[in-house]
Amino acid sequence: MNPQIPDGLRELLALAAGAGQAPWRTLLRPGDWLLLLCCAALVAASYPLLWRGGVADRAIVKRDGRLVTELALNVARKYEVTGAIGTTVIEVQPGRARVLSDPGPRQYCVQQGWLSRANAVAICAPNHVTLQLAGRGGAHADYDTINY
Amino acid sequence: MPIMTPSTIELPVTADDYRIARYAAAAIALSVAETALPSPLPGIKPGLANIIVLVVLARYGWRDAAWVSLLRVVAGSLVVGQFLAPGFFLALAGALCSLAVLAAAQHLPPRVFGPVSASVLAAFAHIGGQLLLARAWLVPHDGVFYLLPLFATAALLFGSINGLVAARLLAAPSTESPTP
């Protein structure tokens with residue numbers, strides 16, 4: 001067997017110690033620069049994906065799974081839905097929405113507070129009413145409340 | 001009692017096997033050492049073992065590079081106890097994708113494109129393969145793609161650095177010892 005250190009690793013260690021080498025920039029060929037620039041541009045262009053994906057622009061109100069109304073999230077307003085056991089009040093403000101009041105006994109959907117991310121859901125089960133936010137990216141653009 | 005005749009089974013070992021084993025050992029050592037580095041996000045790693053793969057690709061061709069890369073994935077995961085764990089399959093998917101891209105990238109004109117290009121392309125293929133497998137299997141939701149900018153940044157950064165190190169190793173006066 002060969003007792004030597006693998007030469008890849010040995011070379012690496014020798015070079016890490018700073019053995020006399022060509023300067024770094026001479027190691028890049030013209031195409032490398034071009035490719036690096038293109039890749040950097042693509043990476044920079046992908047950043048909006050990280051932040052813009054989850055913005056909600058409308059609230060979807062459903063009763064028994066059927067669409068009742070869609071409210072745009074750009075004007076403040078209130079909307080009343082008559083459900084199985086009473087009236088649920090939805091409040092919309094620019095960029096967010098919440099269940100303001102609900103006749104349900106435990107008030108889970110009211111206590112959830114303001115929803116602002118796309119696909120966030122508040123479910124008022126006793127009254128059979130749901131409030132869901134939607135963004136531009138369609139139904140699967142972001143985590144929803146259940147999937148989070 | 002019959003006396004057992006001592007028999008040795010000799011597997012023919014070629015110089016190629018020794019060479020691949022030595023490079024693979026270096027790659028495994030680097031990938032194991034790298035697991036000690038803290039990472040800001042699971043999956044973001046320098047991928048230092050790919051330096052070895054790039055050097056082998058440039059010196060001995062794609063077949064040897066594929067051997068070293070895949071041996072690194074299998075043996076490296078055995079060493080850190082991740083064999084057949086999700087991380088192993090992610091690493092395998094990344095390695096297979098980057099090997100596929102390297103197979104194409106080695107036909108780029110060598111005067112124009114050096115090891116840095118190969119390294120960056122392979123790094124992007126690596127995260128691409130990992131993200132696709134993660135999306136298909138581990139996180140069945142498009143939410144994983146929101147992390148793409150972070151992974152792509154890491155791929156560009158570490159791909160460039162690894163490529164530069166590989167280029168420097170290849171440009172260095174050969175310290176290769178004669179094969180035993």
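Trainee: What is the order of the strands in the open sheet of four strands in chain A?
Mentor: Please keep in mind that this is a predicted model. In this sheet the pairing is antiparallel. The edge strands, each pairing on one side only, are β2 (66-72) and β6 (121-124) of chain A. The order is therefore written with these two at its ends, and it reads β2-β1-β7-β6.

Trainee: By how many degrees are neighbouring strands of this sheet turned against each other on average?
Mentor: The angle is taken with direction ignored, and it is an average over neighbouring strands. For this sheet the value is 20 degrees.

Trainee: Which residue stands opposite Val121(A) in β7(A)?
Mentor: β6(A) and strand β7 (residues 129-135) of chain A run antiparallel, and four bridges join them. In β7(A), the residue opposite Val121(A) is Gln132(A).

Trainee: Which strands stand at the edges of the open sheet of three strands in chain A?
Mentor: The order of this antiparallel sheet is β3-β4-β5. A strand at the edge has a single partner strand, so one side of it is left without a neighbour in the sheet. The edge strands are β3 (77-82) and β5 (96-101) of chain A.

Trainee: Which residue of β4(A) is the bridge partner of Tyr79(A)?
Mentor: Six bridges join β3(A) to strand β4 (residues 87-93) of chain A, and the two run antiparallel. A hairpin of four residues leads from β3(A) to β4(A). Within β4(A), Lys78(A) has Glu91(A) as its bridge partner. For Tyr79(A), the partner is Ile90(A).

Trainee: Which residue takes a positive phi in the hairpin of β4(A) and β5(A)?
Mentor: These antiparallel strands are joined by five bridges, and Gln93(A) stands opposite Arg96(A) in β5(A). Two residues lie between the strands of the hairpin. The residue with a positive phi, near 85 degrees, is Gly95(A).

Trainee: How many residues of β4(A) are buried?
Mentor: A residue counts as buried when its relative accessible area is under 20%. β4(A) has seven residues, and it is largely enclosed by the rest of the structure because most of them are buried. The number of buried residues is five.

Trainee: Why does the span of helix α3 of chain B agree with expectation?
Mentor: This helix covers residues 62-79, which is 18 residues.

Trainee: Which helices do the buried residues of α3(B) pack against?
Mentor: The buried residues of this helix include Val68(B), Arg72(B) and Val73(B). Just after the helix, Gly81(B) takes a positive phi of about 75 degrees. The packing partners of the buried residues, in chain B, are α1 (15-34), α2 (49-60), α4 (86-105) and α5 (115-138).

Trainee: Which element gives the largest share of the largest nonpolar core?
Mentor: This core has 22 residues, and Ile52(B), Val56(B), Val68(B), Leu102(B) and Leu169(B) touch the most other members. Two or more residues come from each of α1, α2, α3, α5 and α6 (148-171) of chain B. The largest share is eight residues, and the element that gives it is α2(B).

Trainee: How many residues does the second, separate core hold?
Mentor: Among its members are Val116(B), Ala152(B), Ala155(B) and Leu156(B). The number of residues in this core is 20.

Trainee: Why is the pair of Phe89(B) and Trp137(B) edge-to-face?
Mentor: The structure holds four aromatic pairs over all chains. In this one, the ring centres are 5.7 Å apart.

Trainee: Is Trp137(B) buried or partly exposed?
Mentor: Phe89(B) in helix α4 and Trp137(B) in helix α5 of chain B are 48 residues apart. Phe89(B) has a relative accessibility of 30%. For Trp137(B) the relative accessible area is 44%, so the residue is partly exposed.

Technical notes
Residues are numbered from 1 along each chain as its sequence is written. Chains are lettered from A and ligands numbered from 1 in the order in which they are written. This is a predicted model: local features need pLDDT of at least 70, side-chain atom pairs count only at pLDDT 80 or more; totals for chains, interfaces and linings use all residues. Side-chain values use heavy atoms; hydrogens and water are left out. The expected span of a helix is 1.5 Å times one less than its number of residues. Buried means under 20% relative accessible area, exposed over 50%, partly exposed in between (1.4 Å probe, protein chains only). Contact means heavy atoms within 4.5 Å. A nonpolar core is a set of buried Ala, Val, Leu, Ile, Met, Phe, Trp, Tyr and Cys residues joined through side-chain atoms within 4.5 Å. Two strands pair if DSSP finds at least two bridges between them. Axes are lines fitted to C-alpha atoms, for helices over the stretch in contact, and angles run from 0 to 180 degrees between N-to-C directions. Rings of Phe, Tyr and Trp (its six-membered ring) pair if their centres lie within 6.5 Å; planes under 30 degrees apart count as stacked, over 60 as edge-to-face and the rest as tilted.
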